[in-house]
Amino acid sequence: MDAVLSVFHWNILIPWIFSMIIGIFVGGAPGLTATMAVALIVPLTFHMTPIAGLAMILGVSYCAIFAGDIPATYLRIPGTPASGAAVLDGYEMSRKGMGSMALALDLTCSVIGGVIGILILIFVAPILAKFALKFTNFEYFWLALFGLSMSAVISRGTKIKGIISMTLGLALATIGIDITTGYPRFSFGSVDLMGGINFIPAMIGLFGLSEVFKYLFVPEKLNNPTITEKIKISFRSVGKVIFQHKSLILRSSLIGNVIGALPGAGADIAAWVSYGMAKKISKRSAEYGTGIEEGIIAPTSANNAALGGTWIPALVFGIPGDTITAIVLGAMMMYGLKPGPLIFQQNAQLVNQIFTVALFSQFFLFFIGWASIKVYTQLFKFPRNIVLVGIVIFSVVGAYALRNSTFDVGIMLAFGILGYGMEAYGIPLPPLILGLILEPMIEDNLRVGLIKSSGSFLPFITRPISFTFFLILVIIFFWDPIIKAFKYVLKKADPAPFKGNRPR
Amino acid sequence: MKLRTFLVLALVAVFSMAVFSPAAVAKAFPKKPIIIVCPWSPGGGTDRTARFIADKLHGVLGVPVNVVNKTGGGGAIGFTYGAHARPDGYTITNLTFEIGTLKWLGYSNVNPADFRALMQFNEDASAVIVGQNSKYKTAKQLLDAVKANPASFKFSGCAIGTVWDLARIGMMKDYGINFSKVKFIPTKGAAPAITELLGGHVDVITCSYPEAAPQIEAGKLKALAIMADKRNPQFASVPTLKEQGIDWSYGTWRGFAVPKGTPDDVVETLSSAFKKIFASDDFKAFMNQNGFGIKIRDSREFGQFMMQQHLDLKNIIREAGYGKTQ
C-alpha cells in the first residue's frame with residue numbers, strides 16, 4: 001500500500017503526466033516510433049529518482065503506442081510500426097464518418113488491453129517468462145510463419161493477389177546484409193541498400209502517400225472537408241460496443257501479451273496476429289477490412305497488452321522483451337539498479353511502484369487520449385486539399401526523421417507509387433508489409449535453427465511448442481477443405497439433412 | 001484546376017527541400033545534433049556505455065547527442081554507415097574490436113583506415129559462462145569435455161567472426177580442441193545469447209562478465225573464467241584461464257571515431273570533450289557500477305593500436321576458416 005501511495009507525489013506526477021502528453025505527440029507523428037519516444041525521454045530522467053524516471057518511460061510508451069493509431073485512422077499512415085494493423089478497419093471507419101468513434105473504441109481497447117497486460121505481468125510473470133525462455137529459433141520460425149500466414153487471412157480480394165503482394169514484401173526484405181552470416185545481397189555496392197529497406201518509410205509510403213496520389217486523380221473532391229463526423233461519441237455509446245465484444249478484447253489482449261513476452265517478437269507482430277486470428281474465427285469474417293468495430297478492437301487491444309508482456313522477461317530475467325525494454329534496462333543500470341532476477345528481492349518496493357505506475361498510466365491514458373481525439377478531430381475538419389499537403393509533409397518528414405536519411409525519403413516515395421499502382425490493380429497492401437516485417441525473422445531463425453540441428457529439419461516438428469505451432473498452421477490452412485469434405489461425407493450419408501428450419 | 005496546380009507546386013517544393021538540403025558545413029562546431037552510431041543492439045554493453053556517454057557529451061558540447069543503433073552483419077552495417085557519413089564530426093561511430101575483422105571476413109572493406117580515432121575508453125576480457133545446472137565447475141573441466149567430444153557442444157555469444165566468437169576459437173585452438181567440429185550459434189548480440197543460455201538452448205557462451213552480471217549474481221548463470229592476464233577486482237572470485245593452465249587472453253574494447261577526412265579542429269574539439277568526460281568521477285562511477293573496465297587511449301595511440309590489431313587479425317581469421325571467399 002505504501003508503494004501505491006508513494007507514486008502520487010508531485011515530483012513523480014508532474015514528469016509522469018508531462019511524458020504522457022509528449023507520448024501522444026511523438027506517437028501521433030508518423031516516422032517517430034514509441035522506441036524513439038522512450039529514447040528521447042531517457043536522458044531527461046537521469047537526474048530524477050528511479051521511479052519518476054520509470055514513470056516517464058512507462059507513460060510515454062503506452063501513450064505513443066495508442067497515439068500511433070490516430071494518424072492510422074485519419075490518414076492511413078501508421079504512427080508507429082505497432083499501428084500497422086490499425087489502418088485496415090480504422091481508416092475505413094473514418095471514411096464512413098465515424099473516425100472519432102473508431103478512435104474512442106481504439107483508446108478504450110488500448111486501456112483495457114494495457115490493464116490486462118499489466119495484471120498478467122503482476123500475477124503470472126515468472127511462469128510466462130519461463131515459458132518464453134523455451135522459445136528458440138525453431139519456435140520463432142513457426143511463429144513468424146504463422147504471422148505470415150495471416151496475410152492470407154487479412155487480404156481482401158483473390159488469394160493470388162494476396163500472394164503476389166506478400167511475395168513482393170518477402171523479396172524486398174532480402175535486400176541488404178543477410179543477418180545470419182553478414183553477406184551483402186542485392187546491394188550493388190551501395191551502402192544505403194546494404195542497410196536494407198526499412199519498413200517504416202515503406203509503410204508510410206505504401207499506405208499514406210498512395211492515398212494522396214489517389215485523390216490527385218479525382219480533384220473535384222478536394223474542396224470538401226476531410227471528414228464529416230456523422231456521430232457524436234459518448235462514454236455510453238463506446239461502453240456498449242466494448243461490452244458487446246468483451247471476449248474478443250480478452251482474447252486479443254492475451255495473444256498480445258504472450259507474443260510481447262517473447263524476446264524475439266513484439267507489439268507489431270502481436271497486432272497483426274491478433275487481427276488475423278479474430279478475422280479467421282469471426283462469423284463476420286467477410287466484413288473485416290470494411291470498417292467494422294471488431295477490426296479495430298483486435299489489433300489495438302493486442303498492441304497495448306504486448307507492452308506489459310515485454311516487461312515480463314525484462315523484470316524476471318533482466319533480458320529485453322523488445323527495443324523499448326532494452327532501453328529501460330540500460331536506464332535502470334544508470335539509476336544504479338541491477339535489473340534481473342534479484343530486483344524482486346532487493347528492490348521489492350520499486351517493483352510494486354512500477355506495477356502501480358503502469359496501472360495508473362492506463363487510467364491517465366484514457367483521459368489524455370480522449371482529449372487528444374477531440375483535438376485531432378478538429379484538425380481534420382480542414383478542406384481535404386490542405387490536409388493532403390499536410391500528409392505529404394508528414395510523410396516526408398517522418399521518413400527522413402527515422403535515420404536522417406534522404407534515401408529513406410526516396411524509399412517512401414517509391415513505395416507511395418508502388419502502393420498506388422497495387423491498389424489500382426486490386427492487389428492488397430497489408431501482405432506486403434507483413435512479408436517485409438517477417439522475412440528476416442523467418443530466414444534467420446530457419447538458418448540458425450538448421451545450424452543448431454546440424455542441418456536436420458526434425459527439431460522444427462519434434463519439439464513440443466514447435467509441433468503445436470506446426471499443427472495450428474496445418475489446421476488453419478486445411479480447415480476449409482476439411483470442413484467441406486466432412487460436410488460432403490455427411491451429405492452422402494444422409495441425403496436430406498436439416499431442411500428448412502435451421503436457425504440461420 | 002487552380003487548386004491542383006497549387007498542390008503540385010507544394011509537392012515539388014516539399015520534395016526539393018528534402019532532397020537538395022544544403023550541406024551545412026559548420027563554422028563553429030558543433031551547431032546541430034550529433035549522432036553516435038552504435039553497431040550493436042539496444043541493451044547490450046556497447047549500447048549502454050554509448051547512451052551514458054551521449055548524455056555526458058550533450059552536457060559538454062551543448063547540442064543533443066543521440067545514439068542510433070544500426071545493427072546486423074556482425075557490425076558491418078553500423079561501421080560502414082559511420083565510415084561513409086559526411087566527415088563533419090556530426091556522425092561519431094562507436095568502434096569496437098570488430099572493426100579490425102570485417103575486411104578479413106569478407107563482409108565489407110571497412111577497416112580502421114577509414115576512420116580518424118578520437119579516443120578509446122574501455123577494455124573488457126571475455127568470460128566463459130555456463131548455465132546454473134551445468135556440471136562443469138572449472139574452465140579446464142569444460143574444455144576437457146569439449147576436447148573429448150567436440151561435436152556435442154553448442155557455443156554462442158554473438159555473430160560469426162565477432163570478438164566473442166574469435167575469443168572462443170582462440171581458447172579452443174590453444175587447448176588443442178578441434179574447434180571446427182564445435183557448433184557456434186550466431187546471435188545479434190550478447191543479450192540474445194544470454195537468453196539462449198538461460199533457456200538451455202546452448203551449452204556455453206563467451207561474452208564479457210558485465211554483460212551477464214545480473215544473471216550471474218542471481219545464480220542463474222555461472223562464470224567459469226575470464227580470459228585476462230589477472231583477475232578483475234570487481235569480480236575477484238572469477239579465476240583467469242591462465243590460473244587454470246590455459247595461456248589465452250582475449251577481449252574487446254570500445255572507443256569513438258569519426259570518418260577519415262574530418263577536419264583537425266573538429267577532431268580536437270571532440271577528443272577534448274571525450275577527455276573531459278573520461279576524467280570525470282561520474283564516468284568512473286558508472287563504469288565501475290556496471291563492471292566495465294576503463295582503458296584510455298588518446299587519438300594517436302588508439303589509432304595505432306587499432307591498425308596493429310587489424311593487421312594481426314588477418315592470420316587468426318584465416319586459421320579459423322572464415323572469409324574463405326577472399
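**Close-ups of where two domains meet in chain B**

**View 1. One salt bridge is counted between domain 1 of chain B and domain 2 of chain B.** This is a predicted model, so please read each view with that in mind. The side chains of Glu319(B) and Lys173(B) come together in a salt bridge, at 2.7 Å from N to O. For polar contacts between domain 1 of chain B and domain 2 of chain B, the count is three residue pairs, with both residues at pLDDT 80 or more.

**View 2. Helices and strands both line the domain 1 side.** The elements giving two or more residues to the side of domain 1 of chain B that touches domain 2 of chain B are helix 2 (45-61), helix 10 (281-290) and helix 11 (299-320), together with strand 4 (115-131) and strand 9 (251-259). Helix 11 of chain B gives the most, with five residues. Sorted by class, this side of domain 1 has ten nonpolar, eight polar and six charged residues.

**View 3. Here are the two domains of chain B with their bounds.** Domain 1 is made of 33-124 + 252-320, while domain 2 covers 125-251. Their C-alpha centres lie 25 Å apart. Domain 1 of chain B brings 24 residues to the contact, and domain 2 of chain B brings 22 residues.

**View 4. About 1,700 Å² is buried between domain 1 and domain 2 of chain B.** Of this area, 59% is on carbon and sulfur atoms. Which residues of domain 1 of chain B lose the most area to domain 2 of chain B? They are Phe97(B), Asp124(B) and Thr252(B), which together make up 24% of what that side buries.

Note on methods
Residues are numbered from 1 along each chain as its sequence is written. Chains are lettered from A and ligands numbered from 1 in the order in which they are written. This is a predicted model: local features need pLDDT of at least 70, side-chain atom pairs count only at pLDDT 80 or more; totals for chains, interfaces and linings use all residues. Side-chain values use heavy atoms; hydrogens and water are left out. Domain bounds come from an automatic or database domain assignment. Contact means heavy atoms within 4.5 Å. Buried area is the accessible area (1.4 Å probe) that two parts lose on being put together, summed over both. A salt bridge is a side-chain nitrogen of Lys or Arg within 4 Å of a carboxyl oxygen of Asp or Glu. A polar contact is a pair of N or O atoms within 3.5 Å; within protein, one must be able to donate a hydrogen and the other to accept it, and residues adjacent in sequence count only if both atoms are side-chain atoms. Helices (H or I, at least four residues) and strands (E, at least two) are DSSP runs, numbered from the N terminus. Ala, Val, Leu, Ile, Met, Phe, Trp, Tyr, Cys and Pro count as nonpolar, Asp, Glu, Lys and Arg as charged, and the others, Gly among them, as polar.
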